[in-house]
Amino acid sequence: MPPFKPLAVTLFVTTFALTVHATPMSLPRSTPESQGVSSSVLLSAVEALDAIDAMNSFMLVRHGKVVAEGWWSPYGPENRHELYSLSKSFTSTAVGMAIAEGKVSVDDEVLKFFPEDAPASPSANLKAMRIRDLLSMSTGHQDEPSSASTNVCPKTFYAQPVPHKPGTHFKYNTAATFMLSAIVQKQTGQTVLDYLQPRLFHPLGIDHPTWDTNFQGVSLGGYGLKVRTEDIAKFGQLYLQQGKWEERQLVPASWVASATSKQTSNGSSPTSDWDQGYGYQFWRCRHGAYRGDGAFGQYCLVLPEQDAVIAITSGVKDMQAVLNIIWDKLLPAFQYHRPSPDSASQAKLTAKLTHLSVRTAEGAAGSSIEASIIGKRFKFTENDQKIEWLQITQTQGGHWTLATKANGVESTVDCQFGSWTKGNAPFATYTHAPLAASAAWASNDTLIVKTCAFETPFYSILKLHFDGNQVTREWETNVGFGRTKPGPLIGQAQ
């Protein structure tokens, strides 16, 4: 069989405002040059991002208008994406609004909100901890309290030792953001999600956001929010506009200034965007910028000096590498006069943005051993991955269906060669998330199935090596909070 060449999947993307009708609540669209952005320089930045092969989406807003946007198939503009710690900046916004409404103050002591959960003899440092310390990640903790949804709550937070005086020691602390969420809920009677609906999400046209909760029904605050790429861009634009949106002051300008300025020091390296200072759940950046960000490269990047916002979702191991591309490749694209139209570069940029794709499984479209494995069920002995069996069938049109039973649950994934097939699949990090899959033969006896959970940063590669009635199963995911490559499993045909 000749090698199979994956086909790019066309995505919705706009670079020319006059050819696309934006929805009423979407940001206006424009061409790069009309907003003082060089299409040719912007193209080189997009090419550099694409070379990482872990990007999910990209949107650039200049002077309030979207000048470039793209999604790496199977990701799309309609998909809500896991924000992870970018959720923290939304929680900060809720706190700022609650302060403006007189519900809380940055000087309130943290212990006073849940006295029933306080230790019998609170330490002096715990008594001194205030809301501003939660916001600025300077609670005084040496070790971060657990932030797992099954465990995090005011009682476990209060129980964590506080060896440092609050306000003197920076420690990134997701449980602290949970406490902000819990305090807002205690003082308003609404989860942060519900509280923000009429105050932030609805005015910005952010439809159907979701936010995971802890075991008590409190929005997690520090993570768990899902919104679309354009929603991230809107949020950044709101902050760029000092909290004002369509003549309404949604967030007090004083809160925007406080939240995005340096409240605590977190390092001294001039080349690290994690050493430029921390605000109220926002990071300071190089080049006068600030951002909200989440694990594996979820970014809301605000550049006041350039009057620009960049929204990015991705699944990268090196988050600094993405920001380096922004500074080294994209920053030179901003100009302070309107450059001459560059139709040739605009056309190339549009073509590039339109044909972005997460790489599909690489290899050939077929194998001489296909007939010998179709329909066979391969059973695995008991293992820590909870994989019980897998089976491959072939449908009309050459599509494959992989069935598996894992942890007592049977599921299937449909895939084909060279493109992404959306559906549900059993071989990804999040089996409950919408998934897409592709497949190819890496060699005559090794089938590769690649799955992408396109509302998360995760994609996974499943390698099945067949040897007569035996299969060796190897699995790896691109990023993760734990191990990303468990050991191989060997199954026998039944």
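Contact means heavy atoms within 4.5 Å. Keep that in mind for this tour of a predicted model.

**Stop 1: helix α6**

Select residues 174-188, which form helix α6. The helix has 15 residues. At 1.5 Å a residue, they should span 21 Å. The end C-alpha atoms are 21 Å apart, which agrees.

Is α6 mostly enclosed or mostly open? It is largely enclosed by the rest of the structure, because 11 of its 15 residues are buried. Color Thr174, Ala175, Ala176, Thr177, Phe178 and Met179, which are among the buried ones.

Now show what surrounds them. The buried residues of α6 pack against α2, α4 (131-135), α5 (154-159) and α7 (192-204).

**Stop 2: helix α2**

Go to one of those partners. Select residues 87-100 for helix α2. It has 14 residues. Its first and last C-alpha atoms are 20 Å apart, close to the 20 Å expected.

How many residues of α2 are buried? The count is 12 of 14, so α2 is mostly covered. The buried set includes Ser87, Lys88, Ser89 and Phe90. Thr91, Ser92, Thr93 and Ala94 are buried as well. Val95, Gly96, Met97 and Ala98 are also buried.

Step just past the helix to Gly102. Its phi is positive, about 80 degrees.

**Stop 3: helix α1 and its two partners**

Two packed helices are described by the angle between their axes and the distance between the axes.

Select α1 (residues 39-52) with α11 (residues 343-354). Their axes come within 9 Å and cross at roughly 20 degrees. That makes α1 roughly parallel to α11, because angles under 35 degrees count as roughly parallel. The crossing is left-handed.

Show the side chains of this contact. From α1, pick Ser39, Ser40, Leu42, Leu43, Val46, Glu47 and Asp50. From α11, pick Ser345, Gln346, Lys348, Leu349, Lys352 and Leu353. The contact of α1 with α11 holds five nonpolar, four polar and four charged residues.

On the α1 side, select Val41, Leu42, Ser44, Ala45, Ala48, Leu49 and Ile52. On the α10 side, select Val322, Ile325, Lys329 and Leu330. The contact of α1 with α10 divides into nine nonpolar residues, one polar and one charged.

**Stop 4**

Select Lys317, in the loop between β12 and α10. Lys317 is exposed, with a relative accessible area of 68%. Which residues does Lys317 touch, leaving out those up to four places away in sequence? They are Asn478 and Val479.

Draw a distance from Lys317 to Val358. The two are 41 residues apart in sequence. In space, they are 15 Å apart, C-alpha to C-alpha.

**Stop 4: Ile369, a buried loop residue**

Move to Ile369, in the loop between β13 (363-364) and α12 (370-373). Ile369 is buried: its relative accessible area is 18%, and the cut-off is under 20%.

Setting aside neighbours within four places in sequence, Ile369 is in contact with Trp441, Asn444, Asp445 and Phe466. Ile369 and Gly468 are 99 residues apart in sequence, yet 9.4 Å apart from C-alpha to C-alpha.

**Stop 5: backbone details in loops**

Zoom in on the peptide bond from Ser73 to Pro74. It is cis, with omega near 15 degrees. Pro74 sits in the loop between β3 (65-71) and β4 (81-82).

Next, select Glu247, in the loop between β7 (244-245) and β8 (248-249). What is the phi of Glu247? It is near 70 degrees, a positive value in a residue other than glycine. Glu247 is exposed, at 70% relative accessible area.

Finish at Asp307, in the loop between β11 (298-303) and β12 (308-314). Asp307 is not a glycine, but its phi is positive, about 50 degrees. At 30% relative accessibility, Asp307 counts as partly exposed.

How values were computed: Residues numbered from 1 in each chain as written. Heavy atoms only, no water. Helix = DSSP H or I, 4+ residues; strand = E, 2+ residues; numbered from the N terminus. Expected span 1.5 Å × (residues − 1). Buried < 20%, exposed > 50% of the residue type's maximum accessible area, 1.4 Å probe, protein only. Axes fitted to C-alpha atoms, helices over the stretch in contact; angles between N-to-C directions. Parallel < 35°, antiparallel > 145°, perpendicular 65-115°, else oblique. Left-handed = near helix turned anticlockwise from the far one by under 90°. Nonpolar A, V, L, I, M, F, W, Y, C, P; charged D, E, K, R; others polar.
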